[in-house]
Amino acid sequence: MTTYALGDLQGCHAEFVALLERLAFDPRRDRLWLAGDLVNRGPGSLACLREVKALGDAARVVLGNHDLHLLGVARGGGSLKRSDTLAAILDAPDREALLDWLQHQPLLVDDGSASPARTLMVHAGLLPQWSLDGARALAGEVESCLAGEQAGAFFERMYGNSPARWDDTLEGIERLRAIVNVFTRMRFIAADGTLDFAAKEGLDSAPQGFEPWFRYPREDDPRVLFGHWAALEGHTPGAALRAEALDTGCVWGNSLTALDLDSGRRISEPCRPRE
Ligand SMILES: Nc1ncnc2c1ncn2[C@@H]1O[C@H](COP(=O)(O)OP(=O)(O)OP(=O)(O)OP(=O)(O)OC[C@H]2O[C@@H](n3cnc4c(N)ncnc43)[C@H](O)[C@@H]2O)[C@@H](O)[C@H]1O
């Protein structure tokens, strides 16, 4: 059995299928971890969603900001933007089954192994101020909300950049929004954990006083798999922990990459020319 971790598909279905072929991926034998943002921006979001859902227990997925945006649009609270490529999902005959499946995916996957082998997967990152068990509990708060009767009310107030700094005393929607923004949107943070939401490009775009979240040391030493930050091109220079950047920007014309979790080998499929 081989376990591969992939970054953001973002609707790059042709490249996803080609990469699985290149890996000789067999869902009866192998496992796939997907770091979120299955959908949006690319041309094959509906096909990606169907393909990953059909993998069943062979695939483990975390939610990304674009997946949450799809749910926000479908469940109320979000509206389609001009750059969104989500209409085919919203019009699909199997839309409810797909959305329901997506809504039940976690924000954090933890393989539960003892340190130092412990491997976690999130879409954007892990706040240095959070312990691993604390992060897992906070992800669980959002996951319970998404699976419950308050999900609609949550999506109506999910969007926004505040509070930008985590505080244990946060309550209600502000607490849930802060958790979502860490797990699915974080890139640069200040030493006190304040998130910046403006800079989205390479490490040179860091605002003054901010560093990539993975450059802040932690007391523990997990292996953290994450996507979201395409401009990193799969690299985490200066990382203070074992952070593996998986989004190599397929939707931006680069490639889709799989990381073999045992060997550390990376296998990439180049982006196909768009019509
Ligand atoms: N609670 C909440 N509040 C608000 N919004 C919420 C929300 N929950 C969900 N959302 C959703 O999240 C979005 C905001 O998230 P953000 O994280 O703020 O923004 P984004 O640009 O949409 O991020 P994306 O995930 O596309 O990042 P990527 O690195 O691919 O691309 C980013 C940039 O990288 C650039 N880039 C890509 N490859 C590069 C490279 N090799 N070099 C340099 N730049 C590169 C691209 O040009 C692009 O500009 C909103 O649009 C909303 O839909």
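Visitor: Is N40 buried or exposed?
Guide: N40 is buried: 25 other C-beta atoms lie within 10 Å, and the cut-off for buried is 20 or more. Keep in mind that this is a predicted model.

Visitor: Where does N40 lie?
Guide: You'll find N40 in the loop between β2 and α2.

Visitor: And what's its phi?
Guide: The phi of N40 is positive, about 85°, although N40 is not a glycine. Most residues other than glycine have a negative phi.

Visitor: What about D37, where is that one?
Guide: D37 also sits in the loop between β2 (31-34) and α2 (45-54). Its phi is positive too, near 55°, and D37 isn't a glycine either.

Visitor: How many other C-beta atoms are within 10 Å of D37?
Guide: There are 32, so D37 is buried.

Visitor: Okay, peptide bonds now. Which residues does the cis one join?
Guide: That cis bond links S162 and P163, with omega about 0°. P163 is in the loop between α7 and α8. Most peptide bonds are trans.

Visitor: What follows α3?
Guide: G76 does, and its phi is positive, near 105°.

Visitor: Which residues come nearest to the ligand?
Guide: Of the 23 residues around the ligand, the nearest are N65, H69, K200, A230 and A231. The elements giving two or more residues to that shell are α3 and α8.

Visitor: How does the shell divide into nonpolar, polar and charged?
Guide: The shell has 9 nonpolar, 8 polar and 6 charged residues.

Visitor: Now the sheet. In what order do the strands come?
Guide: The order is β4-β5-β8-β9, making an open sheet of 4 strands with mixed pairing. β4 (108-110) and β9 (242-245) are at the edges with a single partner strand each, so one side of each has no neighbour in the sheet. From one strand to the next, the twist averages 20°.

Visitor: How do β8 and β9 run?
Guide: They run parallel, and 4 bridges join β8 (residues 223-226) to β9. R223 stands opposite R242 in β9.

Visitor: Last one: which residues does the UniProt domain annotation cover?
Guide: The unreviewed UniProt entry puts "domain: Calcineurin-like phosphoesterase" on residues 1-138. Over residues 1-138, the chain is 38% helix and 13% strand.

Notes:
Residues numbered from 1 in each chain as written. Predicted model: local features only at pLDDT ≥ 70, side-chain atom pairs only at ≥ 80, totals over all residues. Near = placed C-beta within 6 Å. Nonpolar A, V, L, I, M, F, W, Y, C, P; charged D, E, K, R; others polar. UniProt positions renumbered as here; feature names shortened; annotations may be inferred. Pairing = 2+ DSSP bridges. Axes fitted to C-alpha atoms, helices over the stretch in contact; angles between N-to-C directions. Buried ≥ 20, exposed ≤ 12 C-beta atoms within 10 Å, placed from the backbone.
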